[in-house]
Amino acid sequence: MTRAALLGPAWFFLAASAALAGDETDPRAIDRAAMMLEKSRLGFSDAEEKYLAAAASGSARAARELAQFYMANGLWVEALARVRDDATPAGRLIAAECELRMGRNRAAAA
């Protein structure tokens with residue numbers, strides 16, 4: 001992979017991080033370790049149901065939290081499906097991370 005190919009995604013993350021500074025919906029503020037602990041305490045299905053019920057309200061923030069739950073459990077496709085249409089900087093950052101984790105570097109840069 002060339003240096004230029006790596007700079008595209010890196011630049012996106014820097015720009016998105018600057019846009020998110022001070023935003024309470026910042027995906028970096030969500031504690032994935034706590035989500036993993038919750039999953040181990042409740043079981044995956046019960047923990048997922050909690051996040052699914054919150055996301056059913058139609059809240060974009062709840063959908064991003066559900067995506068973060070899926071990301072904490074390595075379910076990148078499911079997480080991407082939750083934020084694919086989220087045009088906010090937080091949603092785009094989550095989508096880009098999912099794309100990168102799945103090896104879709106060109107999609108993440110776009």
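F69 and Y70 are both buried (under 20% relative accessible area with a 1.4 Å probe, protein chains only; exposed is over 50%, partly exposed in between). They also form a tilted aromatic pair, 6.1 Å centre to centre with 50° between the planes. This is a predicted model, where local features need pLDDT of at least 70, side-chain atom pairs count only at pLDDT 80 or more, and totals for chains, interfaces and linings use all residues. Residues are numbered from 1 along each chain as its sequence is written, and side-chain values use heavy atoms, leaving out hydrogens and water.

**Aromatics**
- The whole structure has 3 aromatic pairs; rings of Phe, Tyr and Trp (its six-membered ring) pair if their centres lie within 6.5 Å, with planes under 30 degrees apart called stacked, over 60 edge-to-face and the rest tilted.
- K50 sits over the face of Y51, 5.1 Å from the ring centre (the cut-offs: NZ of Lys or CZ of Arg within 6 Å of the centre and within 35 degrees of the ring normal).

**The core**
- The largest nonpolar core has 18 residues, and F69, M71, A79, I94 and C98 touch the most other members; a core here is a set of buried Ala, Val, Leu, Ile, Met, Phe, Trp, Tyr and Cys residues joined through side-chain atoms within 4.5 Å.
- At least two residues of this core come from each of α3 (44-55), α4 (60-72), α5 and α6 (helices are DSSP runs of H or I, at least four residues, and strands are runs of E, at least two, numbered from the N terminus).
- The largest share, 7 residues, is α4's.

**Helix α5**
- W76, A79, L80 and V83 are the buried residues to look at in α5.
- They all sit on the same side of α5, because they cover an arc of only 100° around the axis (taken from the directions from the helix axis to the C-beta atoms).
- Turned away from that buried side, the other face carries exposed V77 and A81.
- The cover over α5's buried residues includes α4 and α6.

**D86**
- You'll find D86 in the loop between α5 (76-83) and α6 (89-101), and with a relative accessible area of 15% D86 is buried.
- The D86 side chain makes polar contacts with the side chains of R64 (2.8 Å) and T88 (2.7 Å); such a contact is a pair of N or O atoms within 3.5 Å, and within protein one must be able to donate a hydrogen and the other to accept it, while residues adjacent in sequence count only if both atoms are side-chain atoms.
- Neighbours within four places in sequence aside, D86 is in contact (heavy atoms within 4.5 Å) with R64, G91 and R92.
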